[in-house]
Amino acid sequence: MSTSPVTSSALRTNRMGRGEGLAAAGAGVILTGVAFWLTPLQGRADFLVVAYLAGVAAYLVGAARLEGRRSVVDRLAAVLMVTAVGICLLALGSVLVYTAARGVKALDWYFFTHSMNGVGPRDDAGGAYHAIIGTLEQVLLAALISVPAGLLIAIYLTEYGRGRLASLVRTVIDVMVGIPSIVAGLFIYAFWVLGLDRGFSGLAAALALSILMLPIVVRSAEEMIKLVPAALREASYALGIPRWRTILRVVLPTASAGITTGVMLAVARVTGETAPLLLTAFGFDSIRNDPFSGPQSSLPLFVFSQASSAFSTAVDRAWAGALTLIAVVLLLTVAARLVTRRNRLV
Amino acid sequence: MFRYVTAAVAATVLVVLLAMTTFLLVQAWPAVRTAGGDFLTERQWFPDATPARFGIAALLWGTLLTSVQALVVAVPVAIGSALYVTEYARPAVGRWIGYLVDVLAAVPSVVYGLWGLLFLVPRMVPLQRFLADHLGFLPFFRNPDDIYGKSVFAASVVLALMILPIVAAVSREVFRQVPRDLREASLALGATRWEMIRTSVLPASRSGVVGAVILGLGRALGETIAVALVLASTFDIDLRILEPGGNTIAANIATKFGEAGEIGRSALIASGLVLFAITLAATVAARGVIRRTGVVGRP
């Protein structure tokens with residue numbers, strides 16, 4: 001904020017500068033340190049909490065002395081908001097760093113090339129090869145089902161959809177966004193595994209995942225198609241090109257970057273899903289390359305089953321699996337953002 | 001022609017969903033018939049015993065308790081960080097914080113479960129002991145056995161982290177939609193930044209924030225794996241959140257599915273239907289509230 005040339009000192013009150021604020025907060029922290037040194041108070045976590053509180057208190061007292069009551073409330077609100085951001089970042093950092101630190105221990109070539117066939121929870125052997133195969137096949141199948149269907153539905157809703165069917169479809173897609181992933185698993189379990197008597201399989205898992213993917217794909221594709229400028233379509237119509245060709249050759253290519261982002265985010269989301277797979281793929285310790293019959297494992301299921309064990313060798317495998325999973329999901333998420341950068345529409 | 005292809009696919013999705021719902025109801029029926037009215041009032045879960053004794057009373061209670069508590073933890077943090085991003089931070093900084101909070105949403109729930117079980121639960125024991133020792137006179141902080149570990153409290157902190165990004169993201173959108181004029185009007189009247197937020201931003205975005213919170217609630221109600229890993233499954237109905245124990249409908253499905261017999265699986269499907277109904281109500285309520293504000297919440 002620039003200082004006004006008008007001499008209106010009555011409107012400007014004393015301000016606590018950044019230096020004074022930092023000095024006050026620092027004094028609070030140092031006092032806490034002295035208190036922990038001289039009194040029976042101890043513990044690193046306790047120190048951090050008390051130092052934080054003392055620093056904030058000292059900062060606010062400084063504000064009260066220099067600026068008055070309204071400003072104290074204002075600065076307290078700002079401190080609380082910064083704290084909220086701090087909590088978010090701290091939690092994120094803690095999850096990522098701890099998973100990475102624990103995960104690298106059991107993560108080696110062996111882990112990626114061996115299955116859990118015949119490996120007991122206490123054996124220092126076994127890997128996630130079978131689970132990685134399972135995840136790849138299930139997510140690929142889910143994408144093959146939900147991406148074309150999602151795109152066609154998005155085209156229907158944006159280009160053609162009017163009347164009862166369209167509003168019904170919109171409502172159902174809205175509802176699908178909120179379906180808990182375990183319920184999606186139950187749907188496929190009741191319908192495919194029990195009802196049609198197909199049994200557990202990678203395909204059943206893919207069907208459950210596509211229930212979760214479909215609404216995300218539809219939503220993002222819809223948004224992107226809506227952003228395509230009308231002038232482009234009109235130019236195409238003016239050349240005598242029918243509507244369906246315009247949609248396929250002009251609208252979709254223009255929106256493709258945004259649609260790709262949506263699809264990648266959807267893939268990232270379902271790659272980490274565990275609950276529906278429990279009811280559909282069920283889990284399996286050996287390598288099964290055929291996703292169409294018989295139970296299959298997947299990376300999240302692998303982590304879940306190893307994590308449920310009490311033995312440290314199994315838990316190490318769980319961390320290694322978790323690190324692999326997190327790396328895949330984050331890479332997909334970041335890649336999706338990079339695609340957005342190249343998007344000509346946003 | 002193409003038009004009818006797209007319409008047919010859209011219609012197929014509707015038919016498939018309808019078919020699945022029908023199958024779900026059919027598969028749930030044997031358990032509901034076995035349990036009768038007890039299904040809503042019974043606490044125990046022994047569907048495969050003879051005579052079968054099972055019901056969702058304790059599970060429903062646990063689901064609501066963990067979810068509400070997760071909201072208590074997550075909502076202030078989410079709204080605080082959203083306000084920081086929209087009202088305090090420079091745009092570039094705000095965008096980065098937004099990205100990072102979104103990364104929290106990308107972390108798979110099984111990783112949260114693992115982290116919660118092995119990192120957070122042991123580190124939260126001192127805090128829980130502190131709360132029980134000093135605030136134990138409050139009914140929900142009572143812990144007469146003095147044993148700490150996989151409690152509802154710990155589970156709801158994990159849940160809170162998982163719903164934080166959705167509440168923060170929707171709140172951010174809602175705050176951004178508040179017209180600039182409102183902000184400038186109150187600043188011009190001499191309001192401090194907080195007074196501006198309190199008198200202009202928050203009232204204008206109230207219903208949108210409510211929608212965001214309900215959306216978060218829907219997420220918390222249905223979360224399965226993280227809760228299944230962090231909670232010790234018990235079937236009590238009480239408020240004592242620091243005691244080891246607790247359970248939710250979703251977590252119960254995940255932990256009991258492998259060992260369940262015929263009636264057991266039917267009972268799990270029936271409990272899933274109840275969960276579906278609750279989350280459906282939450283989603284519809286959230287959509288309704290958010291639609292009214294003109295911000296369409298992202299999935």
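Modeller: Helices are DSSP runs of H or I with at least four residues, strands are runs of E with at least two, and both are numbered from the N terminus. By that rule chain B has 12 helices and two strands. Along its sequence, chain B reads α-α-β-β-α-α-α-α-α-α-α-α-α-α. This is a predicted model, in which local features need pLDDT of at least 70 and side-chain atom pairs count only at pLDDT 80 or more, while totals for chains, interfaces and linings use all residues. Residues are numbered from 1 along each chain as its sequence is written, and chains are lettered from A and ligands numbered from 1 in the order in which they are written.

Colleague: What share of chain B counts as buried?

Modeller: The share is 53% of the 299 residues of chain B. A residue is buried if 20 or more other C-beta atoms, placed from the backbone, lie within 10 Å of its own, exposed if 12 or fewer do, and partly exposed in between. The C-alpha atoms of chain B fill a box of roughly 75 × 70 × 30 Å along the principal axes.

Colleague: Why is Val267(A) called buried?

Modeller: Val267(A) has 24 other C-beta atoms within 10 Å and is therefore buried, since the cut-off is 20 or more. Val267(A) lies in helix 10 (residues 243–271) of chain A. Apart from neighbours within four places in sequence, Val267(A) is in contact (C-beta atoms within 7 Å) with Val139(A), Ala143(A) and Leu332(A).

Colleague: Are Asp197(A) and Phe282(A) buried or exposed?

Modeller: Asp197(A) has 7 other C-beta atoms within 10 Å, so it is exposed. Phe282(A) has 21 within that distance, so it is buried. Asp197(A) is in the loop between helix 7 (181–195) and helix 8 (202–227) of chain A, and Phe282(A) is in the loop between helix 11 (275–280) and helix 12 of chain A.

Colleague: What is the phi value of each of these residues?

Modeller: Phi of Asp197(A) is near 60 degrees, a positive value in a residue other than glycine. Phi of Phe282(A), which is likewise not a glycine, is positive and near 70 degrees.

Colleague: What is the form of the peptide bond from Thr50(B) to Pro51(B)?

Modeller: That bond, from Thr50(B) to Pro51(B), is cis, with omega near -5 degrees. Pro51(B) sits in the loop between strand 1 (45–46) and strand 2 (53–54) of chain B.

Colleague: What makes helix 12 of chain A roughly parallel to helix 5 of chain B?

Modeller: Helix 12 (residues 299–307) of chain A packs against helix 5 (residues 109–135) of chain B at an angle of about 20 degrees, with the axes 9 Å apart. Axes are lines fitted to C-alpha atoms, for helices over the stretch in contact, and angles run from 0 to 180 degrees between N-to-C directions. Helix 12 of chain A is therefore roughly parallel to helix 5 of chain B, as angles under 35 degrees count as roughly parallel, over 145 as roughly antiparallel, 65 to 115 as roughly perpendicular and the rest as oblique.

Colleague: Which residues meet in the contact of helix 12 of chain A with helix 5 of chain B?

Modeller: Pro300(A), Val303(A), Phe304(A) and Ala307(A) meet Val110(B), Gly113(B), Leu114(B) and Leu117(B).

Colleague: Why are helix 6 of chain A and helix 1 of chain B called oblique?

Modeller: Helix 6 (residues 164–177) of chain A and helix 1 (residues 2–35) of chain B pack at about 50 degrees, with axes 10 Å apart. The two helices are therefore oblique to each other. Leu165(A), Leu168(A), Val169(A) and Val172(A) meet Ala7(B), Ala10(B), Ala11(B), Leu14(B) and Leu17(B).

Conventions
Contact = placed C-beta atoms within 7 Å.
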